[in-house]
Amino acid sequence: MEMTVREIVAACGGKLLCGDPDTMVTSVVTDSRKVTDGSLFVPLKGEKADAHTFLHAAFASGAAAALTQEHTRMEAEEAWIAVDSTQLALQHIAAAYRQRFSIPVVGITGSAGKTTTKEMTALALSAGYKVMKTGGNHNSQIGLPLMMFQFSREHEAAVVEMGISDFGEMARLAQVAEPKYAVMTNLGITHIGQLKTQENILREKLHITDRFTQGSVLFLNGDDPMLAGLRGKTGYEAVFYGTAPWCDFRAEGITVQGETTAFRCLAPGRESVEVILPVLGMHHVLDALAALAVAERLGVPLDRAAAALGDYRPLAMRQQIYHVNEVAVIDDSYNSSPGAAKSSLSVLAGFRAGRRVAVLADMLELGEYSRQAHFEVGVCAAESGVDILLTVGPEAKAVAEGARSVRSGIDCRVFDHNRQAAAELKSFLSPGDAVLVKGSRGMHTDEIVRALLQFPASVGTVRPAQ
């Protein structure tokens, strides 16, 4: 990227306290440790720390300019820019930079599956475009603006993940990214503790369309009851994908073999195409359908987009499957929500050789719905054939209660800490078993996965699924 200090000041409505307005900025960072020559350092003020503490260190590392909401006067050679809010200023600067590019931008949102759908959509589009995509899950009020600065002249399309947890956030993200196309994966109860109702969640997420223009399209999961209820009510073109007969892009003939899922994609006015995904789970079929629908609308032939999806590989801690001494370890430890947990349990249910073991930790930010949501996940665990259920954390105790309400004799083991659960797993896992590990990010269940990948340390191999 390249922006002058003068352009940055104009974009954020700031005041240049000192420095040369013609100084060129070549990157934007919020972490002083990532400052390089030419960086704009944006110090953010959080509940526990204030990055303004690192302003001088940032300049010492080569920063060309910095924002500040703590200074009204400054004398220095470097450019200091005073703003009311460094976070809002970051968003305004990112929006101004994004305006320089006229390429199609696809926004991805939903209660679960955003990152996988983003990855698949970028992959399908790569069959016809040079694609910029969100790195990891940088989808927040800070992460998304930072991704805008990754746009370059070589890019022909972009796929950006857009996540929210509170009122007003999607409207701000839409102002920054200005997606012409948008995908909504599903509508669950993630962040319902802040947003209070599913209706509120839907209304907030629909702000992803705030910058829609003529020709814009919203892609919706027709298998989700709340999203299906939007048929004919969006006010702009909506394309539905799913398994229902009325969906525009539909999956039929879904089969599972080993650790792959295959299906036929039927699209209006197109011959069906065969899709083979190297992952398990119905949710992956829906994510792939969304990717194919977007790619087709942007002019990528369906057969080429489908072939590209064959190269999909899950990101770290998102249903990666490892084999440790003939035990299948399903690492889905990045995050959790009720819908995502149920989808992961369906993946575990596909393993038939030995015992199916589920390790389910607390799902956070569910507010007053927490106990019922955990209980329902437990019901799903029992109904999906889990043989041994381990829970971690105070909220997850309701998962065990839900499981026992369906099968009173199910083997449930309740723990307070990850290390206890890991030790228990090591005491009984045997060849042929499959174990799923899932929990909210704040529960750090990746600690359990790491313990399993080292067990037993003296023999055997650890290999990811191919």
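**Exercise 1. Find the element that holds Arg356, decide whether this residue is buried or exposed, and list what it touches.**

Solution. Begin with the element: Arg356 is found in strand S19, where helices (H or I, at least four residues) and strands (E, at least two) are DSSP runs, numbered from the N terminus. The model is a predicted one, in which local features need pLDDT of at least 70 and side-chain atom pairs count only at pLDDT 80 or more, while totals for chains, interfaces and linings use all residues. Residues are numbered from 1 along each chain as its sequence is written, and side-chain values use heavy atoms, with hydrogens and water left out.

Next comes the accessibility: Arg356 has a relative accessible area of 14% and is therefore buried, given that buried means under 20% relative accessible area, exposed over 50%, and partly exposed in between (1.4 Å probe, protein chains only). Last come the contacts, meaning heavy atoms within 4.5 Å: not counting residues up to four places away in sequence, Arg356 touches Leu348, Ala349, Phe351, Ser384, Gly385, Val386, Asp387, Ile388 and Ala434.

**Exercise 2. Describe helix H13, its buried residues and what covers them.**

Solution. First take the length: H13 spans residues 370-383, has 14 residues and reaches 20 Å from its first C-alpha to its last. This is close to the 20 Å expected at 1.5 Å a residue, the expected span being 1.5 Å times one less than the number of residues.

Then look for burial along the helix, where Ser370, Ala373, His374, Val377, Gly378, Val379, Cys380, Ala381 and Ala382 are buried. The cover over these buried residues includes helix H12 (338-349), strand S19 (356-361) and helix H14 (397-406). Finally, H13 is followed by Gly385, whose phi is positive, near 95 degrees; Gly385 is also one of the residues that Arg356 touches.

**Exercise 3. Work out how helices H10 and H11 pack.**

Solution. Take the geometry first: H10 (residues 282-297) and H11 (residues 302-309) pack at an angle of about 140 degrees, with their axes 9 Å apart. Here axes are lines fitted to C-alpha atoms, for helices over the stretch in contact, and angles run from 0 to 180 degrees between N-to-C directions. Then turn to the residues, where Ala288, Ala291, Leu292, Ala295 and Glu296 in H10 meet Leu302, Ala305, Ala306 and Leu309 in H11.

**Exercise 4. Locate Glu78 and describe its surroundings.**

Solution. Glu78 lies in the loop between strand S6 (65-68) and strand S7 (79-82), and is partly exposed, with a relative accessible area of 30%. Its C-alpha atom is separated by 5.9 Å from that of Ala65, 13 residues apart along the chain. Not counting residues up to four places away in sequence, Glu78 touches Cys18, Gly19, Phe59, Ala63 and Ala64.

**Exercise 5. Which residues does UniProt list for "domain: Mur ligase C-terminal", and how far apart are the ends of that span?**

Solution. The UniProt record, an unreviewed entry, lists residues 318-441 for this feature; UniProt positions are given in the numbering used here, feature names are shortened, and annotations may be inferred rather than shown by experiment. In the model, the end C-alpha atoms of residues 318-441 lie 12 Å apart, and the span is 38% helix and 26% strand.
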